[in-house]
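I opened this entry to log what I looked up in the model. Notes follow in the order I made them.

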Amino acid sequence: MARYVFLMYDAEDFYDTADEQDVVDEMRLHEQFMEAVRAAGASVVGGEALQPSSTASTVRGDALVTDGPFADTKEALGGFYVIDAPDLDVALRLAKLCPAGNVEVRPVLELPEA
Amino acid sequence: MTGLEQVFRDAWAAVVASTARLTRDLDLAEDCAQEAVERALRTWPQGMPDNPAGWLTTTAHRVALDRLRREATLRRKLPLLVEPPGDRDEPVDALRLVFTCCHPALVRESQVALTLRLLCGMDVTAIAAVLLTGEAGVARRITRAKQKIAAARIPFRVPPDDELAARLDAVLTVVHLVHTAGHVGSRADLQDTDLTGRATGLARMLVRLLPDEPEPQALLGLILLTEARGPARTDAEGDLVLLAHQDRSRWDRALIRQGLARTTAALRHPRRGRFALQAAVAGLHAVAPTWADTDWAQIVTTYDALMRTWPSPVVALNRAAARSRLPGADLAAVLREIDDLALDGYPYLPAARADLLARLGRAEEAAAAYAEALALTTNPVERRYLALRVVSRGHP
């Protein structure tokens, strides 16, 4: 098994217009996703939803603090999962089921145990 | 090419693939396959083994086991993900390697580079010529792709049935790209026969490994039908001869027969795909006694079907060119259709426009379109043809 981080990128206008029911529906989609992960013989070992990118602060290389995310793009990083999966094919199949517009799948750099 | 080179070439993919299953490391598998070839070159002159491919595999395995024992403590690299470890299973190993090289998580150029390196055993210089890029760039690309295969755990596995068709399409696309890169080569001649030969070999291997799939048959049919025209594509001076003017008696009838048989089988299959339709067009040209007697209506119908299966601007361009050959065709309408296509930088678009403009008697515009095609073309034989058309303002 190997760990993959699923970075979820979406347009953020959802949060400007979403009502309570939209949020409940969204939560249900994530529950269904986690169910699919377990059914595939993989597991969710971590993850968080993030506040909108307008709340981000970035410390640049020269220690300059700026208001906003590192890369100001139309679709912003909105949350992530850490998934333990047998291989990339399984991870990619799960990423297709992940409730997000775009999912970047990155393998975790596993350091050898001391 | 000598007989020995052909033996090495035919066996290479299976030797690398089978050794990769053992070593779980693509670099090491390649090194061991290379070592086996070098040992063969030293020892075979004293007597050929009964089964040369088997000899190469066994030798590569032996080299691998030696190296693995010696370097066990030094190895920190991530292993290639092989499952199941299984017994000796060479044909499936080669197929595993095919699907690993053409994995959708790798960008197309990397798929092509890995395929040419690992399945065909081509060196970086030759691959750089195919990808029209520098050797250092190709070497970096191959190294990064191998690192990704290990780090992201791209499995060394044949995809399950429900994914096979989509994954196979990527594989066939890569093989078709290799053939196209050889059909109009990057060197002095019109055709790079080494490369077209590699593509034919890959297509034959896929047919052998996936005998129940129609699309590998179709791709092989398409390649054979295209190869059949090879001798007629240039004249005695080495100048380009378009299909319309080719001496059809110089077409290779044996290749046409084989290509038609593959194509017909693929067309009859319930899961007929885009390569079957492309091969069908090539087949319709192959059976036409002359350019004038070509069944253009059937070709247009086939392109219509292809546009439904696989809509792409290149198909639309070819369909438009075929439509312009129908009796009473409205050439100006065809020209408008072509002008709407999004094919920036594709030299055959201005070439097709130029042909239509010349037929419409708009000589100055035809010359300008030929000049546009010339600026986008690198093959010297095609350049010579286009340069002449610029000067003659479209007249043959």
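**Contact between the chains**

I started with the contact between the chains: six residues come from chain A and seven residues from chain B. I count two residues as in contact if their C-beta atoms, placed from the backbone, lie within 7 Å. On the side of chain A that touches chain B, helix H3 (residues 88–97) of chain A gives the most, with three residues. Helices (H or I, at least four residues) and strands (E, at least two) are DSSP runs, numbered from the N terminus. By class, I found four nonpolar, no polar and two charged residues on that side of chain A. Here Ala, Val, Leu, Ile, Met, Phe, Trp, Tyr, Cys and Pro count as nonpolar, Asp, Glu, Lys and Arg as charged, and the others, Gly among them, as polar.

**Conventions and confidence**

This is a predicted model, in which local features need pLDDT of at least 70 and side-chain atom pairs count only at pLDDT 80 or more, while totals for chains, interfaces and linings use all residues. Residues are numbered from 1 along each chain as its sequence is written, and chains are lettered from A and ligands numbered from 1 in the order in which they are written. I noted an ipTM of 0.86 and a pTM of 0.89 for the complex, both from the predictor. Chain B has a mean pLDDT of 93, and 95% of its residues reach 70 or more. pLDDT is the predictor's confidence in each residue, from 0 to 100.

**Chain A**

I listed three helices and six strands in chain A. Along the sequence they follow the pattern β-α-α-β-β-β-β-α-β. The C-alpha atoms of chain A fill a box of roughly 45 × 40 × 20 Å along the principal axes. Of its 114 residues, 17% count as buried. Buried means 20 or more other C-beta atoms within 10 Å of a residue's own, exposed means 12 or fewer, and partly exposed is in between, with C-beta atoms placed from the backbone. Among contacts in chain A with a separation of 6 or more, 79% join residues 24 or more positions apart.

Next I checked A:Val37, in helix H2 (residues 20–39) of chain A. Is A:Val37 buried or exposed? A:Val37 is buried, because 23 other C-beta atoms lie within 10 Å. Leaving out residues up to four places away in sequence, A:Val37 touches A:Ala42, A:Ser43, A:Val44, A:Ile83 and A:Leu94. From A:Val37 to A:Met27, 10 residues apart along the chain, I read 15 Å between C-alpha atoms.

A:Glu75 sits in strand E5 (residues 75–85) of chain A. It counts as partly exposed, with 14 C-beta neighbours inside 10 Å. Residues up to four places away aside, its contacts are A:Tyr9, A:Asp10, A:Ala11, A:Gly101 and A:Asn102. A:Glu75 and A:Arg3 are 72 residues apart in sequence and 25 Å apart in space, C-alpha to C-alpha.

**Helix pair in chain B**

I then took helix H8 (residues 161–183) and helix H10 (residues 214–228) of chain B, whose axes come within 10 Å and cross at roughly 5 degrees. H8(B) and H10(B) are therefore roughly parallel to each other. Angles under 35 degrees count as roughly parallel, over 145 as roughly antiparallel, 65 to 115 as roughly perpendicular and the rest as oblique. Axes are lines fitted to C-alpha atoms, for helices over the stretch in contact, and angles run from 0 to 180 degrees between N-to-C directions. H8(B) contributes residues including B:Leu168, B:Leu172 and B:Val175, and H10(B) residues including B:Leu219 and B:Ile223. The contact has six nonpolar, four polar and one charged residues.

**Cores**

The largest nonpolar core has 105 residues, and B:Val16, B:Leu97 and B:Val178 have the most contacts inside it. Helix H1 (residues 3–23) of chain B gives the most to this core, with 10 residues. Apart from it lies another core, of 20 residues, among them B:Leu335 and B:Leu357. A nonpolar core is a set of buried Ala, Val, Leu, Ile, Met, Phe, Trp, Tyr and Cys residues joined through C-beta atoms within 7 Å.

**Positive phi**

B:Leu132 has phi near 50 degrees, a positive value in a residue other than glycine. With 9 C-beta neighbours inside 10 Å, B:Leu132 counts as exposed. B:Arg153 has phi near 55 degrees, also positive. B:Arg153 lies in the loop between H7 and H8 of chain B, and counts as buried, with 23 C-beta neighbours inside 10 Å.
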